[in-house]
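User: Please take one part of this model and look at it closely. I want the packing described residue by residue, with the cut-offs stated.

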Amino acid sequence: METFPVPVIVVLVAVGIATVTDLRMFKIHNVLTLPLLATGLVYHAVVGGADELLSSLLGALFGFGVLLLLYLAGGMGGGDIKLTAGVGAWLGVPLIFAVFLAASFAAGIYAVVLILVHGRLRETWVNLQLLGYRIWAVGRQLGGDDRIEDQVQRADRRGRLIPFGAMMGVGLVALLALARLRVAH
């Protein structure tokens, strides 16, 4: 039986830990994300030299940059961005792109379930319009009391927030399962 490469194992463990803390507290700690980022860069520099270090750095930058607008608009936590950057440092651009797409798909499904279960279609439509405006305006001050950090403190946060770190775990596992199925056929 073939085993996963070291970067995939490291990412699986890190995303597994992030999933637990994100589901429990809607928080992904720096003590996980910053070492993940640093060790990904160091690992690829040592194992693969300058070319792999560049790929790792580009993966980290993509992971950070792809979520930055959502963070600036108040719709994403900083831990999600740092986790995505760390995963990007370990996996490189093509794989972090695939993980991001799979995580976004999982988050979309999760969001639809939350909307239907909690009956918040109208509120969600208004919030999406506000988020679109915030992204368009790229202004942090537009969020005011609507920032994600404030939403985490609400009693009804489980019906409102999407733990993106956990969705990243779902996306990563789904991609690995699909890769295994492809290899098997």
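Analyst: **A helix contact in close view**

Leaving out residues up to four places away in sequence, Val11 touches Val87, Trp90, Leu91 and Leu172. Touching, or contact, means heavy atoms within 4.5 Å. The model is predicted, so local features need pLDDT of at least 70 and side-chain atom pairs count only at pLDDT 80 or more, while totals for chains, interfaces and linings use all residues. Residues are numbered from 1 along each chain as its sequence is written, and side-chain values use heavy atoms, with hydrogens and water left out.

The chain has six helices and zero strands. Of the 185 residues, 37% are buried. Buried means under 20% relative accessible area, exposed over 50%, and partly exposed in between, using a 1.4 Å probe and protein chains only. Take contacts between residues at least 6 apart in sequence: 74% of them join residues at least 24 apart.

Now the contact itself. Two packed helices are described by the angle between their axes and the distance between the axes. Helix H1 (residues 6-25) packs against helix H6 (residues 164-184) at about 145 degrees, and the axes are 7 Å apart. Axes are lines fitted to C-alpha atoms over the stretch in contact, with angles from 0 to 180 degrees between N-to-C directions. The crossing of H1 and H6 is left-handed: the near helix is turned anticlockwise from the far one by less than a right angle.

H1 contributes Val8, Val11, Leu12, Val15, Thr19, Asp22 and Leu23. H6 answers with Phe164, Gly165, Ala166, Met168, Gly169, Leu172, Val173 and Leu176. By type, the residues of this contact are 11 nonpolar, three polar and one charged. Ala, Val, Leu, Ile, Met, Phe, Trp, Tyr, Cys and Pro count as nonpolar; Asp, Glu, Lys and Arg as charged; the others, Gly among them, as polar.

Thr19 deserves a separate look. This H1 residue is buried, at 17% relative accessible area. Apart from neighbours within four places in sequence, Thr19 is in contact with Gly165, Ala166 and Gly169.

Back to Val11. It is among the residues with the most contacts inside the largest nonpolar core, together with Leu83, Val87, Phe164 and Met168. That core has 28 residues. A nonpolar core is a set of buried Ala, Val, Leu, Ile, Met, Phe, Trp, Tyr and Cys residues joined through side-chain atoms within 4.5 Å. The elements giving two or more residues to the core are H1, helix H2 (30-72), helix H3 (78-118) and H6. H3 supplies the largest share, 11 residues. In soluble globular proteins, nonpolar side chains tend to be buried together.

Phe26 lies between H1 and H2. Its phi is positive, about 55 degrees, although it is not a glycine. Phe26 is buried, with a relative accessible area of 13%.

Key
Helices (H or I, at least four residues) and strands (E, at least two) are DSSP runs, numbered from the N terminus.
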